[in-house]
Amino acid sequence: MTGAIGIPIYPTSTYAQDELGKPRMGYEYGRVSNPTRDRLETSLASLETGIGAKVFASGMAAVHAFCNIMKSGDHVLCTSNVYGGVPRLFDQVMTNFGLEVTYVNTEDLDAVEDAIRGNTRYLCAETPTNPLMALSDIAALAEIVHRHDIEMIVDNTFMSPYFQRPLELGADMVLHSTTKFLNGHSDGLGGAIICSKREQVEKLAFIQKAAGAIMSPFECWLVLRGIKTLPVRMKQHDENGRVVADFLNLHRKVSKVYYPGLPEHPRHELAKRQMSGFGSMIAFETGSLANATRLLKDLRVCILGESLGGVETLIAHPATMSHAAIGEEGRKRMGITDGVLRLSVGLEDVEDIIGDLEQALERL
Ligand SMILES: Cc1ncc(COP(=O)(O)O)c(C=O)c1O
């Protein structure tokens with residue numbers, strides 16, 4: 001309307017109506033719609049090549065909205081090696097409402113097909129996985145589930161649409177914790193679901209209105225601002241990520257590095273085919289809880305904290321942080337040892353990041 005380059009934030013709970021039953025431009029109430037939110041939803045749909053998107057108060061609120069599309073007695077298949085919050089929601093909340101969930105190794109296509117039941121409605125895949133960077137073949141999974149009339153949703157948080165676009169590979173919906181790379185500055189929480197079909201958008205719009213876990217106009221604006229620099233940030237995250245992964249891979253105190261950009265990653269060829277970059281998420285094995293604890297204490301540049309995808313390098317201990325809720329048995333099944341650390345490589349000068357890791361590793 002004004003040519004303002006900055007997208008306006010509309011901090012309004014409601015809208016004046018010109019006439020009874022005729023809301024101006026369709027805007028009625030803030031939970032139902034908001035111009036800043038509309039703008040973000042249009043932008044995300046465009047980035048993921050979807051036909052529409054809906055945004056929520058956090059990534060987990062988006063997962064919960066997805067669950068609300070289903071009904072009691074429906075069955076979902078879920079990648080076994082996912083972000084710990086997802087099984088926490090499925091197993092400790094949604095199963096109370098009759099949702100049935102089976103965890104399956106989505107790298108194994110036969111295992112996925114074998115796990116399909118008559119009441120399976122969705123396959124929920126995360127690739128790469130959090131934290132061990134396991135990769136599933138999106139196109140091959142989509143082909144299998146579609147043969148059985150099942151839809152597939154992919155958590156694309158780690159790659160962002162800059163490096164991977166699941167809808168182009170055959171997925172039906174894409175999920176993001178916008179808290180991570182899309183926001184990019186660790187200053188806001190949010191979640192999004194991008195859809196390939198109009199009816200999915202309509203269902204999610206209804207859930208926004210009925211359940212109300214929407215993203216606030218200010219948080220929408222933060223994500224819109226983050227998206228303006230997404231390509232430059234992702235290029236630099238990827239560049240720094242490759243250097244740090246190579247450094248860790250050659251270090252004698254690190255016994256294993258999980259990064260799809262390394263030629264020895266078991267799905268390196270798939271990574272090159274399915275993604276246009278490798279990103280900046282790296283997990284590595286320090287050998288023990290004592291080593292991990294010591295290393296974390298000695299770091300000066302890398303910040304110990306939950307989350308990922310921001311400008312600053314963050315380091316986390318999955319066993320006691322993101323994956324504490326799934327218990328020791330669950331972690332053992334997923335291969336997450338007490339010595340694994342997860343890095344979200346930031347945009348600092350890469351020499352500073354490596355120098356910091358080096359001085360801490362040397363003290364082990
Ligand atoms: C891959 C992935 N999906 C979803 C989530 C949940 O997002 P949020 O923390 O915004 O609720 C996270 C959080 O770490 C995540 O890493």
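Hi everyone, let's start with a cysteine: Cys195 counts as buried, because its relative accessibility is 0%, where buried means under 20% relative accessible area, exposed over 50% and partly exposed in between, with a 1.4 Å probe and protein chains only. Before I go on, this is a predicted model, so to speak plainly about limits: local features need pLDDT of at least 70, side-chain atom pairs count only at pLDDT 80 or more, and totals for chains, interfaces and linings use all residues. Residues are numbered from 1 along each chain as its sequence is written, and side-chain values use heavy atoms, leaving out hydrogens and water.

Now for the rings. The whole structure holds five aromatic pairs; rings of Phe, Tyr and Trp (its six-membered ring) pair if their centres lie within 6.5 Å, with planes under 30 degrees apart counted as stacked, over 60 as edge-to-face and the rest as tilted. One of them joins Phe66 and Tyr122, edge-to-face, at 4.9 Å centre to centre and 75 degrees between the planes. Phe66 counts as buried because its relative accessibility is 2%, and Tyr122 does at 4%.

Another pair is Tyr259 with Phe278: the planes are at 70 degrees and the centres 6.3 Å apart, so this pair is edge-to-face. Both Tyr259 and Phe278 are buried.
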